[in-house]
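Trainee: I would like to learn how to read a protein model step by step. Could you take me through the features one at a time, beginning with the general idea and then turning to the case at hand?

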Amino acid sequence: MSSAAYDEYAKEHQQQHQHHSGNGVGNGVHANGKSVPEGWKFDNMWHTKISNTPSFVAASKFLGEFFGTATLMFLGCMGCLDAFDNETSNLSRGLIFGFTVMVVIITFGVVSGAHINPVVSIAAYIYGDLSFVMMLLYFVAQFAGALCGYGLLMGVAPQKYFDQALVAGHGSCVTAPHASLSVGAALAIEFIVTGILIWACCGVWDPRNAQHQDSGPVKFALLVAAISVAAGPATGASMNPARTLAPCVWNNSYHKIWIYFVGPPLAGIIMPIIYKYLFRKDAIAGLNVELPPSPTQEQVCVCIVHNKESQSNKV
């Protein structure tokens with residue numbers, strides 16, 4: 001609260017108190033001896049002296065990525081769990097993950113950009129929208145959030161459902177290539193679908209799209225859902241090392257996990273470089289090129305997957 005607003009607040013409450021109690025408080029001091037509620041002083045100090053510091057902003061972004069990735073894993077993987085008399089399908093799993101992304105963007109998009117994916121953070125760093133230090137901070141938040149989110153799901157859902165998924169395949173929400181795929185084919189699929197997602201992120205970050213950010217959460221929900229439904233039966237459509245690691249750790253199931261730590265990160269490095277130098281157009285010195293002003297909020301882009309188990313014979 002600014003000092004002018006603070007003074008106006010005190011003046012207004014002085015007048016209100018005089019109106020209700022006559023001249024009992026002629027000097028504007030409330031019955032408790034304070035001119036304004038103590039909470040307003042704290043709010044003023046918090047928003048002007050504490051929450052604007054670089055360390056607080058970094059911590060806020062860290063927590064945004066942590067809780068955003070945890071939400072992704074808890075809600076998304078709950079939708080992939082064959083439990084509670086519910087049988088999931090490839091379509092339902094894709095839609096659930098897609099709209100979970102929408103929830104995360106709505107909640108944390110203005111806080112940290114809602115990357116919830118180390119690959120997206122790599123792309124943002126290469127693209128020039130994220131510093132190297134913040135990229136590393138995002139990595140820690142995303143992997144920790146994924147582990148905690150999936151761990152919370154295992155803590156509240158009956159263990160028998162996770163045991164059944166391990167018997168039937170590689171585990172609930174664990175991504176693994178289909179048995180019919182070669183290693184090279186699985187690696188290529190993860191690289192390509194992640195590259196599509198990263199190019200979509202680059203398109204959002206492009207200065208020319210600054211005035212076309214309406215309905216962003218819904219658009220990303222449908223984008224992620226489309227990719228997940230298309231590639232889910234083949235590889236689980238991970239596109240996200242943090243999303244892949246957490247179920248593997250909790251289920252102690254690591255079938256060809258290296259594919260998801262090679263294909264998606266390579267796409268996160270190569271695809272933004274291509275977009276940045278081939279497709280992106282910025283104002284060039286010496287040329288009369290006008291671009292719309294950059295948005296004040298964080299650019300939002302996310303990446304995830306679905307797939308309940310990614311089994312060898314049944315997906």
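Mentor: Let us begin with what is meant by a helix: helices (H or I, at least four residues) and strands (E, at least two) are DSSP runs, numbered from the N terminus. Ile-96, for example, is found in helix α4, which covers residues 90-112. Please keep in mind that this is a predicted model, in which local features need pLDDT of at least 70 and side-chain atom pairs count only at pLDDT 80 or more, whereas totals for chains, interfaces and linings use all residues. Residues are numbered from 1 along each chain as its sequence is written, and side-chain values use heavy atoms, with hydrogens and water left out.

Trainee: How many helices and how many strands does the protein chain have?

Mentor: The protein chain has 11 helices and zero strands, and from the N terminus on its elements run α-α-α-α-α-α-α-α-α-α-α.

Trainee: Is Ile-96 buried, exposed or partly exposed, and which residues does Ile-96 touch?

Mentor: Buried means under 20% relative accessible area, exposed over 50%, and partly exposed in between, with a 1.4 Å probe and protein chains only. Ile-96 has 29% relative accessibility and therefore counts as partly exposed. Contact means heavy atoms within 4.5 Å, and, leaving out residues up to four places away in sequence, Ile-96 touches Leu-75, Gly-76 and Gly-79. For the chain as a whole, 45% of the 315 residues count as buried. Among the contacts in the protein chain with a separation of 6 or more, 83% come from residues 24 or more positions apart.

Trainee: Against which helices do the buried residues of α8 and of α11 pack?

Mentor: The buried residues of α8, among them Val-193, Leu-197, Ile-198 and Trp-205, pack against α5, α9 (216-235) and α11. In α11 the buried residues include Gly-263, Met-271 and Tyr-275, and the buried residues of this helix pack against α5 (118-127), α8 (183-205) and α10 (241-251). Tyr-277 is also found in α11, but Tyr-277 is exposed, because its relative accessible area is 65%.

Trainee: At what angle do α3 and α6 cross?

Mentor: Axes are lines fitted to C-alpha atoms, for helices over the stretch in contact, and angles run from 0 to 180 degrees between N-to-C directions. The axes of α3 (residues 54-78) and α6 (residues 132-156) come within 7 Å and cross at roughly 35°.

Trainee: Which residues touch the most other members of the largest nonpolar core?

Mentor: A nonpolar core is a set of buried Ala, Val, Leu, Ile, Met, Phe, Trp, Tyr and Cys residues joined through side-chain atoms within 4.5 Å. The largest nonpolar core has 51 residues, of which Cys-77, Tyr-150, Phe-162, Ile-198 and Trp-205 touch the most other members. Helix α6 gives the most to this core, with eight residues. Not counting residues up to four places away in sequence, the residues that Phe-162 touches include Leu-81, Tyr-150 and Ser-172. Ser-172 lies in the loop between α7 (159-168) and α8, and Ser-172 is buried, because its relative accessible area is 2%. Although Ser-172 and Leu-81 are 91 residues apart in sequence, their C-alpha atoms are 6.1 Å apart in space.
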